[in-house]
Amino acid sequence: MKKTGININLFLYCGLEKKELENIYPIIMERNVQLATKCNIGIIVLGLLLFGVNILLGYDNTAAYWVIVVGGITLLAFRMIFKKLNGIMAHVYCYALITTVLAFGMALSLQPGNANMPSTSFVVFLVLLPIVVNDKPYRMGLLMLFVTLTYQILCFFCKTGEALAADIINTATFSIIGYVLYILISNRSVREIFFWTQTAENERIREEARIAEEANKAKSNFLANMSHEIRTPMNAIIGLDEMILRESNDETAKKYAEDIKSAGNTLLSIINDILDLSKIETGKMELIPVNYELSSVINDIVNMTEKKAEDKNLKFNMKVEESIPSVLNGDEIRIRQILLNIINNAVKYTEKGSIDIYISFDRVTSVLKAVVKDTGIGIKPEDKERLFNSFLRLDETRNRNIEGTGLGLNISRQLAQMMDGTIEVESEYGKGSVFTITVVQKVADDTPMGDYTKRLEKARKEEKEYKPQLLAPDATLLVVDDNDMNIKVVKFLLKKTKIKITTALSGTECLELVKSNSYDIILLDQMMPGMSGVETLKAIRDLKLADDTPVIALTADAISGAKEMYIEQGFTDYLSKPIIYEELEKQLIEYLGDKAYVSSDVQ
Ligand code: ADP
């Protein structure tokens, strides 16, 4: 179609899109009603004034003033009765005002005294018209046409000679000028109102986003604090439970202690899941890429899941492509978390049959793929997508006895997506499911990793042969924690190591001790009244005390990146509460140097 160069929207919707104009129409009409009311009051005052002057001067041409005064007062009454004018009533009010003004102009021009003169008053009103309302231009065009034609027809009856010809030419000309003016003024102010509302809307959206962000921050702070608060007493529960496990000779008590340990670990993993989810939701989850050996991740996973499967009499087959590059680069911890979650689910939701896992790597696309197949309860087709919703567990009645929160799959899928990957599921209800995980991982060393089972066997053999038993009678350790129970736990865990332990219940006490004694290692709690752990460390370093002593941050914050943050603050390492003895032992062996003996050295 040929372009005319005229935008039809200028006539129909004041240069906006139809929808845009409709959205701001109530605001435009409100403004029209206000302006019309002000004009109406002005008109009544002016009408009365002119009326009075005419009567004083003795003219009897008062018909036009009757029109304006009566019309104006009627409209004012209308306005006072319908206080809130909107929709069609607002239109009636505004157009009635325009009609009154034009009728005044007509009456003034056509009254007998003016019949022989070309009239200027009516054309003036035609030009003034656009100021009162902003409506769709075509409506005003139709009104102008109607009014102009009506006036001209009336002129035939009321006017004569040259006055008639002049009026016809003038009204035709000025109604066009008035109409053009109307388009210009109306379009411009309608667009101004549009942009003004847009800005206000943007402002509102920004404000809402700010409030939402604040609420989110409050939520994640709450979760971080909650996790902290729960972890602190958990440290005592798990630590003291370990005491019973190690020292009690009563088999029943030991059995109960085992159950406490397992429930404690479940509770900790739930807290970790909730924290992960809140981090993902607030966009704070960060991947921390490192070089890692996939075979070691697979070892850990087999160690953690194979036994559970065997306990349920399930066959457990793990097949790993030998050509997978030996060292990959990615977030090892999160990869482990995803695989562990899917494989644990397969074991959890399978009663008989087998779990088959196949892991491969595509060197062209750099995609690491794991297929986990089970012969378990399966998933109904309609549940397949819902499966990934948070806190959603399927078949609640059937799965009541299976531990879980319904968070694992949601977190795993989001983590996989952060690694440019996916988790897909195929399943036949009652027969079993296949979960396929893909994630993109960089290659750090492309030598094929070979048979991972050899590595697994070797690791298991080493573990059997060599279990570190730390002994460090010459070493000195300072434990700083405001919680007496936590100090008790550390002391107990290290009892057999014979390390000389000194304790402090605050940062200030720690400073005093460090001033006059030297220690081989300091375990420094973070959240303490008065001086925090970070502040205490700063004070130690500022005073040039214990410059070479490794200081390990002890904290119940399990937030991701916590380790990096503490190391950045100057700590040597980081231990999260509840303290796991193996981790504490590993760090002590690493940082005590010559003063640490492990059982194989001792024997
Ligand atoms: P949960 O902690 O409940 O296991 P997940 O998010 O890991 O939470 O899983 C959500 C739900 O998906 C589970 O409650 C279970 O109903 C279903 N599901 C997960 N894996 C399997 C599977 N391999 N076979 C059958 N159902 C499964």
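**Ligand site and helix packing**

Gly408 puts a backbone N or O atom 3.2 Å from an oxygen atom of the ligand. That is a polar contact, meaning a pair of N or O atoms within 3.5 Å; within protein, one must be able to donate a hydrogen and the other to accept it, and residues adjacent in sequence count only if both atoms are side-chain atoms. Before I go on, this is a predicted model, where local features need pLDDT of at least 70, side-chain atom pairs count only at pLDDT 80 or more, and totals for chains, interfaces and linings use all residues. Residues are numbered from 1 along each chain as its sequence is written, and side-chain values use heavy atoms, with hydrogens and water left out.

The side chain of Tyr349 has an N or O atom 2.8 Å from a ligand oxygen atom, and a polar side-chain atom of Ser433 is 3.5 Å from a ligand nitrogen atom. On its own the ligand has 540 Å² of accessible area, and the protein covers 97% of that (Shrake-Rupley method, 1.4 Å probe; for residues, only the protein chains shown count as cover).

Helices (H or I, at least four residues) and strands (E, at least two) are DSSP runs, numbered from the N terminus.

Now the packing. The axes of α7 (161–247) and α8 (251–281) come within 10 Å and cross at roughly 165 degrees. Axes are lines fitted to C-alpha atoms, for helices over the stretch in contact, with angles from 0 to 180 degrees between N-to-C directions. The two helices, α7 and α8, are therefore roughly antiparallel (over 145 degrees; under 35 is roughly parallel, 65 to 115 roughly perpendicular, the rest oblique). Their contact has 16 nonpolar, 7 polar and 8 charged residues.

Last, the backbone. Lys577 and Pro578 are joined by a cis peptide bond, omega about 0 degrees. Cys14, not a glycine, has a positive phi of about 55 degrees.

Key:
Nonpolar A, V, L, I, M, F, W, Y, C, P; charged D, E, K, R; others polar.
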